Amino acid sequence: MMDIISNYKRWVEQVKEEDLLEELKSVEGKEEEINDRFYRELEFGTGGLRGVIGAGTYRMNVHTVAKATQGYSNYLKKVVAEPSVAIAYDSRIKSDVFARTAAGVFAANGIQVHIYKELMPTPALSYAVRALHCDGGIVVTASHNPAKYNGYKVYGADGCQITLEVAEAILHEIGGVDVFDDVVQMDFEEGCGQGKIHFIGEDVITGFIDAVSERALNPKEIDKDVSIVYTPLNGTGRMPVTRCLRENGYTRITIPAEQEMPDGNFTTCPYPNPEIREALEVGLKKAKEIGSDLLLATDPDCDRVGIAVRDGEDYKLISGNQMGILLFDYICKTYTDNGTMPKDPVVVTTIVSTKMIDKIAADYGVEVRRVLTGFKFIGEQIGFLEAAGEADRYVFGFEESYGYLSGSHVRDKDGVNGSLLICEMFAHYKAKGRSLVEVLNALYEKYGYFKEALQSITFEGASGAKKMTELMDSLRKNPPSEIAGFKVEDVKDYGAGVGDLPKSNVLEFNMENDVNVLVRPSGTEPKIKMYYLVKGDSEEAGDRITASLEAYFTEVCKG
């Protein structure tokens, strides 16, 4: 505790920012409060940084951002003679401040900076890195986390989030940086004046929109005059999504006023995650009010999109797995009907995504590649295909957490691309008198009822991190022989290596009757996540099985 207190006192002496200094002084003498802010460094993982905004080493602030950026700068200068980076940021609290802080550190280190003038989606950053031939990039965002969080995703020259190896190398560099003594920095305006910081031009933004538009399939049986309610959840999607849809003929777009403009407080949506119904309530109210059949919602950095569609008198939320199935089947069917299916097509998804994709892929003759959780691994597969001169083989990539990508224009999930494809698919089936719910049910009738569920259990604070580690160790060393009444037939420990996949802290329990459970700690939040993949005779049967699994792991996590 003495080291923590010493570190706290040093921050009080060194910090100049009024808001940070005020927070530090407000916790004086409060050991638990100080401990929570200083008991560890904010972890730089494979996706970069993410944490609560505030003062201290275990918080997102200008100093932790600057330290991480200095480490990233040191890495880039070792591997590239004259490096350059691109920067984007979302609507979150202090995202613009953190982006400019990072730009000042890069510039002071002799690294050329290209930064968007206004907030832009994560996929637009991936596009800019490739379009401007940068050696890396960052986007300041905490994705779908609550308002108190912010974060910092790091990208490589290929437009993918950095690999495990690169993350380790950057982490090593960060470890050698003192947060106050070793960071070199210049004022943002000074960097602009010296020609070290450049604003990304409209040509790059237009190039991104055009690249998404090129992924439209535009089948003949389509009426684009459909009513669409769209909410950017006070994030970055408003401009690129509406612009892309309108340029592709979808002009009947209604945005709920209270969620239209950027707002890092997310006052109408405390948890801006399109996976949950609460985040869609404002949009659903508007859809009912105007009689629209389709609601779209993108998360704050617009790399994921969720939807709800009219189903009788109510609206049905389509899960990430269900949308992956619908889009994949639609893409394959359209390619097949048009005679444009590439030779040896490939779909890429993750180990925690629905197993129904294998059944559909077999019907269309598509190879399924499964990768670790994280869209960067899907982007990596696109890169492998491109390096082999086979980029055209890639037809679709998706993950259960509402991330979709149908082209190689970016190397990350793309909410703009997903929104355009969903609207097109919706309009296509609507012109045929079919709803997406009907199409989905027909696929279940053909391939069997697959049910997926995600359970997340939070472990807050210093003790929480320890409990998460102990839980994973216990499951690994003493795996259960039975889970919720289902006999465990096989256990895969991805931490020890499975196939060609990189090692990862994931456990997979394969049980009788096509019941599968994967357990992993989140890489961005203090949570243990359980993914339930089951096949039942009906929707009700699938619900019963997943409910029993949730009850079992709730007790395990309590213990």
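Mentor: Arg37 and Glu23 form a salt bridge whose closest N and O atoms are 2.8 Å apart. Arg37 sits in helix 3 (residues 31-38) and Glu23 in helix 2 (residues 18-26), 14 residues apart. This is a predicted model, in which local features need pLDDT of at least 70 and side-chain atom pairs count only at pLDDT 80 or more, while totals for chains, interfaces and linings use all residues. Residues are numbered from 1 along each chain as its sequence is written, and side-chain values use heavy atoms, with hydrogens and water left out.

Trainee: What makes the contact of Lys153 with Asp303 a salt bridge?
Mentor: A salt bridge needs a side-chain nitrogen of Lys or Arg within 4 Å of a carboxyl oxygen of Asp or Glu. The closest N and O atoms of Lys153 and Asp303 are 3.2 Å apart, so the pair qualifies. Lys153 lies in strand 5 (residues 149-156) and Asp303 in the loop between strand 9 (294-298) and strand 10 (305-311), so the pair ties together parts that are 150 residues apart in sequence. Helices (H or I, at least four residues) and strands (E, at least two) are DSSP runs, numbered from the N terminus.

Trainee: Why is Lys153 called buried?
Mentor: Buried means under 20% relative accessible area, exposed over 50%, and partly exposed in between (1.4 Å probe, protein chains only). Lys153 has 6%, so the label is buried. Asp303, at 1%, is buried as well.

Trainee: How do you know that Arg243 and Glu202 are partly exposed?
Mentor: Arg243 has a relative accessible area of 22%, so it counts as partly exposed. Glu202 is at 47%, and therefore partly exposed too. Their side chains meet in a salt bridge at 3.0 Å, N to O. The pair links helix 10 (residues 238-247), which holds Arg243, with helix 9 (residues 202-213), which holds Glu202.

Trainee: How many salt bridges are there in the whole structure?
Mentor: The search finds 38. Salt bridges that share partners join Lys153, Asp301, Asp303, Glu399, Asp412 and Lys413 into one network.

Trainee: Why is the pair of Tyr8 and Phe38 called edge-to-face?
Mentor: Rings of Phe, Tyr and Trp (its six-membered ring) pair if their centres lie within 6.5 Å; planes under 30 degrees apart count as stacked, over 60 as edge-to-face and the rest as tilted. The centres of Tyr8 and Phe38 are 6.0 Å apart and the planes stand at 80°, so the pair is edge-to-face. Tyr8 and Phe38 are both buried. Ring pairs link Tyr8, Trp11, Phe38 and Phe180 into a cluster.

Trainee: Which residues lie nearest the centre of the second largest pocket?
Mentor: They are Thr163, Lys376, Phe377, Glu380 and Phe384, out of 30 lining residues. On a 1 Å grid over the protein atoms alone, a pocket is an open set of points where a 1.4 Å probe fits, with protein on both sides within 12 Å along at least five of seven lines; lining residues have an atom within 4 Å of a point. Helix 14 gives the largest share of the lining, six residues.

Trainee: How many residues of that lining are nonpolar?
Mentor: The lining of the second largest pocket has 17 nonpolar residues, five polar and eight charged. Ala, Val, Leu, Ile, Met, Phe, Trp, Tyr, Cys and Pro count as nonpolar, Asp, Glu, Lys and Arg as charged, and the others, Gly among them, as polar.
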